[in-house]
Amino acid sequence: VGLAEGLMEMDGPADADDQLAAAIAAATAAALASTCGSTGHGMAACSWGVPSTCGPHSVVTGEADDTLFDLSLPGQQLRGHIGPVTSLCLTEACLYSGSWDYTVRCYRRGSWDCISVLRYQDWVWSVVARGGLLLVASGPEVHVHDLATSQLVRKFQNLHEGSVSCLEGTHCGRLLFSGGADGLLMAHDLRMRESSRLLWHHNAGVHGLALEDPWLASCASDGTVLMHNYEAAAPTNLGSSSSGG
């Protein structure tokens with residue numbers, strides 16, 4: 001509840017990094033206070049265990065104190081974000097982290113150097129790599145980048161009423177799926193200009209997506225988890241909800 005109240009206080013991008021950092025601190029203070037126990041550690045935003053040459057498993061965790069940890073290398077910290085890390089994505093070559101500071105940072109696996117920073121106009125809520133593409137949800141927009149070059153190849157606007165909270169995509173790079181605070185679960189064909197259709201309308205905001213062809217799982221804040229066969233779903237054409245990048 002404290003985090004939600006803080007989110008409501010932050011309305012729109014700040015003009016400078018110090019203003020942004022101050023606003024983020026205000027937004028997370030209540031949540032950190034309510035989730036900190038005797039250890040004093042902040043809540044984890046997301047975590048993922050992946051195979052690593054450094055050990056049996058390299059567990060990378062984004063925490064609300066802005067630091068990324070590789071637990072296979074004790075004490076290693078990947079710094080750079082000035083706001084909470086909201087999402088992580090691992091590929092064979094890189095780790096991508098999205099943050100409330102309006103950026104996605106790319107760290108090269110192995111050396112863990114930050115090799116690029118993508119900047120947006122709003123909080124980053126989701127980062128997903130699929131089919132040679134990097135999919136980024138920033139506020140009400142979805143940015144589609146070429147994974148190898150980071151060049152923007154497509155941008156969607158006004159897909160949802162409010163922020164886009166989560167993304168998924170097919171491994172062939174053809175379809176993009178988005179979930180939003182408005183409860184909508186949508187599919188978008190990246191090969192077409194007018195390409196969006198409604199898959200489902202949850203009764204509450206959609207917060208997570210997972211895909212294993214042809215099944216797409218979605219979860220919402222009302223406690224529901226649904227499985228969708230997106231290939232069999234009847235298309236509901238929403239036409240003008242997308243725009244070319």
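Student: Is Arg 191 buried or exposed in this model?

Tutor: The model is predicted. Exposed means over 50% relative accessible area. Arg 191 has 59% relative accessibility, so Arg 191 counts as exposed.

Student: Which residue forms a salt bridge with Arg 191?

Tutor: Start with the general idea. Side chains of opposite charge can pair when their charged atoms come close. Here, Arg 191 pairs with Asp 189, and their closest N and O atoms are 3.0 Å apart. Asp 189 is buried, with a relative accessible area of 8%.

Student: What other salt bridge does Asp 189 form?

Tutor: Asp 189 also forms a salt bridge with Arg 174, where the closest N and O atoms are 3.7 Å apart. Asp 189 sits in strand E15, while Arg 174 is in the loop between E13 and strand E14, so the pair ties together parts 15 residues apart in sequence. Arg 174 is partly exposed, at 39% relative accessible area.

Student: How many salt bridges are counted?

Tutor: The count is three. One of them joins the side chains of Glu 168 and Arg 130, at 2.9 Å from N to O.

Student: Why does that pair tie together separate parts of the sequence?

Tutor: Look at where each residue lies. Glu 168 is in strand E13 and Arg 130 is in strand E9, so the bridge ties together parts that are 38 residues apart in sequence.

Student: Are Glu 168 and Arg 130 buried or exposed?

Tutor: Buried means under 20% relative accessible area. Glu 168 is at 6% relative accessibility, so Glu 168 counts as buried. Arg 130 is buried too, at 18%.

Key. Residues numbered from 1 in each chain as written. Predicted model: local features only at pLDDT ≥ 70, side-chain atom pairs only at ≥ 80, totals over all residues. Heavy atoms only, no water. Salt bridge = Lys/Arg side-chain N within 4 Å of Asp/Glu carboxyl O. Helix = DSSP H or I, 4+ residues; strand = E, 2+ residues; numbered from the N terminus. Buried < 20%, exposed > 50% of the residue type's maximum accessible area, 1.4 Å probe, protein only.
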